[in-house]
Amino acid sequence: MTMDEYFVNPLVLAILVPLLGGIGVAICGRIPNLREAVTLGTSLVLAAVIWFLLPVVLAGETIEFIPPEMVEGIGFSLSLEPLGMIFALVASTLWVINSLYSIGYMRGNNEKHQTRFYICFAIAIASVMGIALAGNLLTLFFFYEALTLSTYPLVTHKGDAKAKAGGRIYIGILLTTSVAFLLPAIIWTWTATGTMAFVPGGILAGAVSGGAVGILLLLYMIGIGKAALMPVHFWLPAAMVAPTPVSALLHAVAVVKAGVFTVIKVVVYVFGVDLLAGEASASWLLYAAGFTIILASLIALRQDNLKRRLAFSTVSQLSYVILAVALFVPGGIIAAALHIVAHAVGKITLFFAAGSIYTASHKTEISQLDGIGRRMPVTMTAFAIGALAMIGLPLTSGFISKWYLVMGTLDRDSMFALMVIMASTLLNAAYFLPIIYRAFFRPPVVVKGEADDHGEAPWPIVLALVATASLTILIFFVHAPLLALAEALVKGGL
C-alpha cells in the first residue's frame, strides 16, 4: 500500500484532519485569533469530508481502508457503514458549532491554558472519528481508549482540587471498565470466533449459546462504561467540573455518544439481533436499561445545580438507546440510531444554555434562575427548545426518536418498556418544565452583592446555541436522510 493510498482515502482523512488541526493549534498557540481560526477552519474541513461521504453511504456503497495486518488475523481496519455515518455526521457537524461556542466561552470566562484545550479537543474528535469508522473490535478499542485519555485533560482543565478529584473518578471508571470488562469480552469473542470483524448479522451465532451469551453481553455492557449504564455511571456527573464546552463534548458530541454507538455496534455486528432475541440470558439488558432510565430521572429531579441535573438527565437519556437496542427488534434499532442524533442536538443546546447563563451571570443553581429569561430571552428560549426535545414533544427531534421507540416496544409487545417510556416522559417534564417556568414567569430575585444588570452572553455563545436549537427543530421536519441511514442499518445489519 503506497503513501498516497493512506492519505487520499477519505476515512483516513477524517482522522488526520483533526490531528493536523491540533498540530496547527499548537503552532499558532501564541496568536489567539489565528489559533482559533485554525480550530474553526479544521472543524469545517472535517464536516465537509464527512458530508461529502453521505451520498455514497445512502447509495449503499461501502468505503473501506484495510492496512496490512500486524500479525496474521490481527490488524486495524476502517469501514464506513450507515451507523458510523450517523455518528460521524453528528460529531463533525456539532464540532463546528462547539468550536464557535468554545471561542466565546473560553474568552468570556478568561480561561487559562486555552491552547491545550483546543489541542485536546482536536485529538478527542480524531478519536471519535476512529470509533465511528472502526471496521473491527481492535480498531474500536484503540480509539475508544484514545478518547478517554484525550478528554482527561479537558475534564481537569481548571486544575483545582475539585477538578482533579472529578478527573480521577472519570478516568478511573472509564479505564477500569474498558480494561477489566471490555477487553476480556473482545478477547473472548476473538477466541470463540477467530475474528474481530464487524459482520452484518453478527459473528457469535453458533460460537456461544445459553448462559454464555448473557455473561458475554454483561462484559460488553459494563465494559462500555461511556454508555453510563448503572452502576458505572458515576463518572458522568463527576465530570461536570469541566468547562461547559467540555460538558457539551462529553454529553453530546463525543464521549457518551461513543458509548451508545458502541453498544449498538456490538449488538448488531458482533452478537446479532437474532441471537440475542432467542436467548433468555440476554433479557436482563432491557430491565437494566429501564432501571437506569427511571432512577437517573428521579435523581435529576432532586438536583439544584443545573449542570448536575443535565448530567443525570444524560444518564437517563443514554439508556433510552440501550432500552431500544434491548428490544431486539428492527424498530428498536432504528429508534436507537435516531436517538443518538436527537439527544445530541437537544442536550448540547441545554449545556450551551447553561454555559451562557454562567458566562453572563455566574449563576449555576436552578434556584437562582427566577426571571432570568427576561434578561436572557434567546438563551432561555433555546433552553426551552432543548428541554422539549428531551421530553419528546412534537416539533422537536426528540419526538421522532421517541415515536420509533414506542413503535419498537409495540413490535416487541413489551409492556415493561412502554411503562418505562411513559413514566420517564413525565419525569422529564417534571425536572425540565419548572426551570422554564422559573426563567420566564417568576419575578427576578435581587441578591445583595450580586450584579443583576447582565444581558446575553457574548455573541459566539448565543449564535452557537441558536444554531443547535434550530437543528433540534429542523430535524423534526427534515429527518428523511437520517431515517434512511437507520433503515439501511437494519436492512444491512440484521
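**A buried helix, a packed pair and one threonine**

Helix 11 is mostly covered, with 17 of its 17 residues buried, where buried means under 20% relative accessible area with a 1.4 Å probe, protein chains only. The model is a predicted one, in which local features need pLDDT of at least 70, side-chain atom pairs count only at pLDDT 80 or more, and totals for chains, interfaces and linings use all residues. Residues are numbered from 1 along each chain as its sequence is written, and side-chain values use heavy atoms, with hydrogens and water left out.

Helix 11 covers residues 255-271 and reaches 23 Å from its first C-alpha to its last, close to the 24 Å expected at 1.5 Å a residue. After helix 11 comes Gly 272, whose phi is positive, near 90°.

Two packed helices are described by the angle between their axes and the distance between the axes. For helix 15 (residues 330-361) and helix 20 (residues 459-477), the axes come within 9 Å and cross at roughly 155°. That makes helix 15 roughly antiparallel to helix 20, a term for angles over 145 degrees. The crossing of these two helices is left-handed. Among the residues that meet there are Val 341, Phe 352 and Thr 359 of helix 15 and Ile 461, Leu 471 and Ile 475 of helix 20. By class, this contact of helix 15 with helix 20 has 11 nonpolar, 6 polar and no charged residues.

Thr 39 lies in helix 3 (residues 32-58) and is buried, with a relative accessible area of 6%. Leaving aside neighbours within four places in sequence, Thr 39 is in contact (heavy atoms within 4.5 Å) with Val 25, Ser 99 and Tyr 118.

Key
Axes fitted to C-alpha atoms, helices over the stretch in contact; angles between N-to-C directions. Helix = DSSP H or I, 4+ residues; strand = E, 2+ residues; numbered from the N terminus. Parallel < 35°, antiparallel > 145°, perpendicular 65-115°, else oblique. Left-handed = near helix turned anticlockwise from the far one by under 90°. Nonpolar A, V, L, I, M, F, W, Y, C, P; charged D, E, K, R; others polar. Expected span 1.5 Å × (residues − 1). Buried < 20%, exposed > 50% of the residue type's maximum accessible area, 1.4 Å probe, protein only.
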